[in-house]
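Could you walk me through this model, with the loops, the sheets and the ligand site each in turn? Here it is, followed by a short tour.

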Amino acid sequence: MTAAPKSMDAIMALCKRRGFVFQASDIYGGINGFWDYGPLGAQLKKNLREAWWQDMIMNPCWGRKGPNGQRVQCVPLETCIIQHPKVWEASGHVGGFNDPMVDCKETKGRYRYDHVMVYVPAGGAAAAGDKPIFAYVGDQPSETKQKKKAEKTFGEVASVALSTIPQPWTRVIGPDAEKPGTLTEPRMFNLMFDTIPGAIRDEANKAYLRPETAQGVFLHFKNVVDSSRVRIPFGIGNTGRSFRNEVTPRNFTFRSREFEQAELEFFCHPDESKAWYEFWRDFRMDWWKSIGLAGENLILREHDKDELSHYSVGTSDVEYRFPFTAPGFGELEGIAHRGNYDLTQHQTHSKVKLEYYDTTRGELLPNGGRKGERYIPHCIEPAAGLDRGALALICEAYTRDDTRPSPEFLKLHPRVAPIKAAIFALMDKDGMPEVADKLADEVFAKFGRYGFIENDAKQSIGKRYARMDEAGCPFCFTIDSDTLKDQTVTVRDRDTGQQQRIGIDKVCGFLTEKLGL
Ligand code: ATP
């Protein structure tokens, strides 16, 4: 049986209360589609980014051998948010990065066509006769408001996509409208933010904020090959902010207008691309599991042939069942086989040859070497979103147990938890704080680079534990009167609330083992 979805309101309240996520420009009333991270959220996201960097670039795939039987090779790159505008023509974003939108003539609202649903009589749209039918966007206030109106009109109602209703939609009442017939037919809307670098404010100088980090990699494919020792097959990773003028930003940080991506472009010979695609697809699923998303909330979904981009041989998504998508799933990462589409496009548009000369292939020569082969490599792209990743980690970790003195806690995996350990003096007297300070110094020296180490002697111990539970701190060490006698401390486990005593000199060893760092 699937458990009831967790309350998104409770998760968002905890995120704000404990400083994980704040609305951007909060004191001015916020700005739609933009979110900032507080101290704990910033550290959580950094841990996630670093876990990605470590497991994708520095020690790719935990040392697993690729389909060629060799260690996987990857290097990083860091590229600008603003690039030459022609980049986005070549990549297809200027022409094709569009979502069909419907506008409402009454309210001036604009909605993504594939997000608009309508309430019709339970017997189907035809049963509505000439009565109005009610459009809404899921998870928006329009959903309940329109449902109530529809039920008043028809009794029992069903919900179908707007696209199933023939146009013109003269009887459709828009999500926030009063009168029927105000929705326009779907039109294309470009999702890229533009800007004008330099002093001359002229359309001809228009540039764009990148909508993905991937293109920066293709631009430097040749520079990386020429300047480093990587040889095909190899990957180039790029992380950073991307921007999309999403029409309906929603579901907390899930669909934002500014977000962070971690993308790898893995280049290989066309004949080996299918094997590499399968390799990356499987590894990426294992990776998300390794940082705490294991279980039935995580799935790998292979796209149907008709969902694939025109150049793609295969794509799968790692999807997580967020409380707001349940019982459905939302995309965390897409793993796409992009063929040689991007390099070919940039070669055509820039007129710079982006072929690779592979000396390990081609005809065998009498001297035992190979003649070599020139080709445009194929590319496998695991493209992850760090904000969606952080949100999934928080949603998965959020646990409510009313039998505990502190009912809400975050079961964050120790690798991503922003606070790694807390050192508490039970009382602010009898030399306990001094012992705690000394232990905290030791723990800080060893683990401080991975996250916060708390050291706090204020408040009741129950309150301090509750604060650490909500922040997802896996272990609290407490110095009490026994510590002064026998040099032991209590260790409290966040998930069970159980305590055990260990020697004060064993604390760092305990953390090394449990944090898996
Ligand atoms: P969607 O269909 O949800 O709009 P997408 O398929 O367009 O996503 P990609 O272009 O594959 O997304 O981008 C790769 C990753 O970047 C996504 O899996 C997601 O984690 C992240 N991402 C994309 N758009 C957003 C957004 N608006 N807000 C937050 N993260 C995003």
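Phe252 sits in the loop between E13 and E14, where helices (H or I, at least four residues) and strands (E, at least two) are DSSP runs numbered from the N terminus. The phi of Phe252 is near 60°, a positive value in a residue other than glycine. Most residues other than glycine have a negative phi, and most peptide bonds are trans. Please keep in mind that this is a predicted model, in which local features need pLDDT of at least 70 and side-chain atom pairs count only at pLDDT 80 or more, while totals for chains, interfaces and linings use all residues. Residues are numbered from 1 along each chain as its sequence is written, and side-chain values use heavy atoms, with hydrogens and water left out.

Two other loops hold a cis peptide bond. One runs from Gln167 to Pro168, with omega near -5°, and Pro168 belongs to the loop between strand E8 (157–161) and strand E9 (172–173). The other joins Ile232 and Pro233, with omega about 5°; Pro233 is found in the loop between helix H7 (221–227) and E13.

Now for the sheets. E8 and E9 belong to an open sheet of four strands, ordered E8-E6-E7-E9 with mixed pairing; two strands pair if DSSP finds at least two bridges between them. Both E8 and E9 are edge strands with a single partner strand each, so one side of each has no neighbour in the sheet. Inside this order, strand E6 (residues 116–121) and strand E7 (residues 133–137) are antiparallel over four bridges, and Tyr119 stands opposite Phe134 in E7. Helix H5 (residues 141–154) lies across E6, E7, E8 and E9 and runs at about 165° to E7. For such angles, axes are lines fitted to C-alpha atoms, for helices over the stretch in contact (heavy atoms within 4.5 Å), and values run from 0 to 180 degrees between N-to-C directions.

A second open sheet has seven strands in the order E3-E13-E14-E20-E17-E16-E15, again with mixed pairing. On average, neighbouring strands here are turned by 20° against each other, direction ignored. Strand E16 (residues 314–320) pairs with E17 in the antiparallel sense over seven bridges, and Thr315 stands opposite Ala336 in E17. Helix H2 (residues 39–58) packs on this sheet, touching E3, strand E13 (234–243), E14 and E20, and its direction makes about 5° with that of E14.

Which strands supply at least two residues each to the shell around the ligand? They are strand E14 (258–268), strand E17 (330–339) and strand E20 (378–385), with the largest share, four residues, coming from E17. There are 15 residues around the ligand, and Arg244, Glu246, Arg255, Ser256 and Glu331 come nearest; a residue counts as near if one of its heavy atoms lies within 4 Å.

| Residue and atom | Ligand atom | Distance |
|---|---|---|
| Phe254, polar backbone atom | nitrogen | 3.2 Å |
| Glu331, side-chain N or O atom | oxygen | 2.7 Å |
| Arg388, polar side-chain atom | oxygen | 3.1 Å |

Taken alone, the ligand exposes 600 Å², and the protein buries 80% of that (Shrake-Rupley method, 1.4 Å probe).

Key:
A polar contact is a pair of N or O atoms within 3.5 Å; within protein, one must be able to donate a hydrogen and the other to accept it, and residues adjacent in sequence count only if both atoms are side-chain atoms.
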